[in-house]
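Q: I would like to go through this model with you, one part at a time. Could you keep the answers plain?

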Amino acid sequence: MVRDVFSEQQMANLIGSLGVAHARYPTAGSSSTSEAQPFYVNSPYGIVFAHNGNLTNARELKTFLDKVAHRHINTDSDSELLLNILANNLQKTGKFRVNEEDIFTAIKDLYNQCRGGYACVAMIAGYGIIGFRDPHAIRPLIFGRRKSPHGYDYMFASESVVLEALGFTDFEDVKGGEAIIITREKVSKRQLIVTNCITPCIFEYVYFARQDSIIDGISVYKSRLSMGEALATQVVRAFGNNMDIDVVIPVPDTSRAAALQCSRKLNIAYREGFNKNRYVGRTFIMPGQQTRRKNVRRKLNAMPLEFAGKNVLLVDDSIVRGTTSKEIIQMAREAGAKKVYFASCAPPIRYPNVYGIDMPTRNELVAYGRNVDQIAVEIGADKVIYEDLEDLIQSVRTFNPNIKTFDTSVFDGKYVTGDIDEAYFNYIEGERSLGSSLNSENESIGLHNSFIKS
């Protein structure tokens, strides 16, 4: 949590009119402190860079930077690669000071070089702030302004709630393939890559985004209500005439809206059966199965009052590894539930995400190689009900029909960048296995000068 790291006094002591901050867990590279963002290069011009997402051609880019651009990369972070690609493109101008055209040209070249999902913010010393988003618009990036005594303040963020909390208005999503440059004098926008259709990550609406956010013109809260209605239809289909659910209980927090709407459509009582410890973070992004399992019980406490002697339908946003779901189901049984059914607002997650969500290996996914009945046995549920993929897409798309489709690769294995194959899966699984075997306590910051080829 940012508030645990930075005090108000520390923030007040910051000097200047421009800044870049970052609060994101790593999805490529490792959790090393040497990979904490933002990254910085002093040549050319002094550039600070922060990035949310994941590059799918990182190996090619690293080779290019080493052998062609002659830029040394200190970490395994693809964020550092993006920064150095941008820096190298700017350096090609050979100018003492770059201008707006130079920056737009550098970002357009970056779009042609870098594949994957990425939302980026950069600061060029003495010049201004830049924001840009991958041509497919997979990762979210929003832009807003607020009136000040000196004119307007401008800000980029991943979600609208950040801007809203700080008094910013006139929200506007950065388009896929667009770049925005903010200087003291003006705001310049340019569409550098024209795409026929964007494919935002649908998992933002299912889980990641805060429910009061609006992303690409779609209310996360409304989309989750819609998911709950569609899920109710799947529940009716799964049970038929054997409906014996006594109560619908959400797994806090992200599934509450969906569970409430599901219960209303089913005409079955909605109850809060789990009390959440607000001081424990999201278990999904915690490293290691043992850590996640341990923290589920620290995070949630089942109230026997709502479980004892009842057939319970638990509603969650998704089932990823199954670790959390298994522990929650066991907690419900220990609290006295007769039967425990588990409903997911997302379809089975059977494929790795390669665009910035930390679930890259197939063997970590509980749905990989299993059918619905086998998944139920694996997590200890009496029955598992999944949202249908087309219903999920429609639940989100209905609030912005201009978006024709989404990145749903974790469900259907269709990767919009068109460069993902078995060899890539084997590579990232090998990297993850290697990373988990290293001792993170012995991390070091500095130049990595090993002669061993990676």
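Q: How many of the six residues of strand 8 are buried?
A: Six of the six residues of strand 8 (residues 178-183) are buried, so strand 8 is largely enclosed by the rest of the structure. Buried means under 20% relative accessible area, computed with a 1.4 Å probe and protein chains only. Strands are DSSP runs (E, at least two residues), numbered from the N terminus. This is a predicted model, in which local features need pLDDT of at least 70 and side-chain atom pairs count only at pLDDT 80 or more, while totals for chains, interfaces and linings use all residues. Residues are numbered from 1 along each chain as its sequence is written, and side-chain values use heavy atoms, leaving out hydrogens and water.

Q: Which residues lie on each side of strand 8?
A: Glu-178, Ile-180 and Ile-182 are on one side, and Ala-179, Ile-181 and Thr-183 are on the other. Both faces are covered. In general, side chains in a regular strand alternate between the two faces of the sheet.

Q: And which strands pair with strand 8?
A: Strand 4 (residues 128-133) pairs with strand 8 in the antiparallel sense over five bridges, and Gly-128 stands opposite Thr-183. Strand 9 (residues 187-191) also pairs with strand 8 in the antiparallel sense, over five bridges. There, Val-187 is the bridge partner of Ile-182. Two strands count as paired if DSSP finds at least two bridges between them.

Q: What joins strand 8 to strand 9?
A: A hairpin does, through three residues.

Q: New topic: what is the strand order in the open sheet of four strands?
A: The order is 12-15-16-17, with parallel pairing. Strand 12 (247-250) and strand 17 (383-386) are at the edges with a single partner strand each, so one side of each has no neighbour in the sheet. From one strand to the next, the twist averages 25°; such angles run from 0 to 180 degrees between N-to-C directions, with axes fitted to C-alpha atoms, for helices over the stretch in contact.

Q: Which strands does helix 8 touch?
A: Helix 8 (residues 220-239) packs on the sheet and touches strand 15, strand 16 (339-344) and strand 17. Contact means heavy atoms within 4.5 Å, and a helix is a DSSP run of H or I with at least four residues. The direction of helix 8 makes about 140° with that of strand 17.

Q: Last one: is Val-5 buried or exposed?
A: Val-5 is exposed, at a relative accessible area of 55%; exposed means over 50%. Val-5 lies in helix 1 (residues 2-5).
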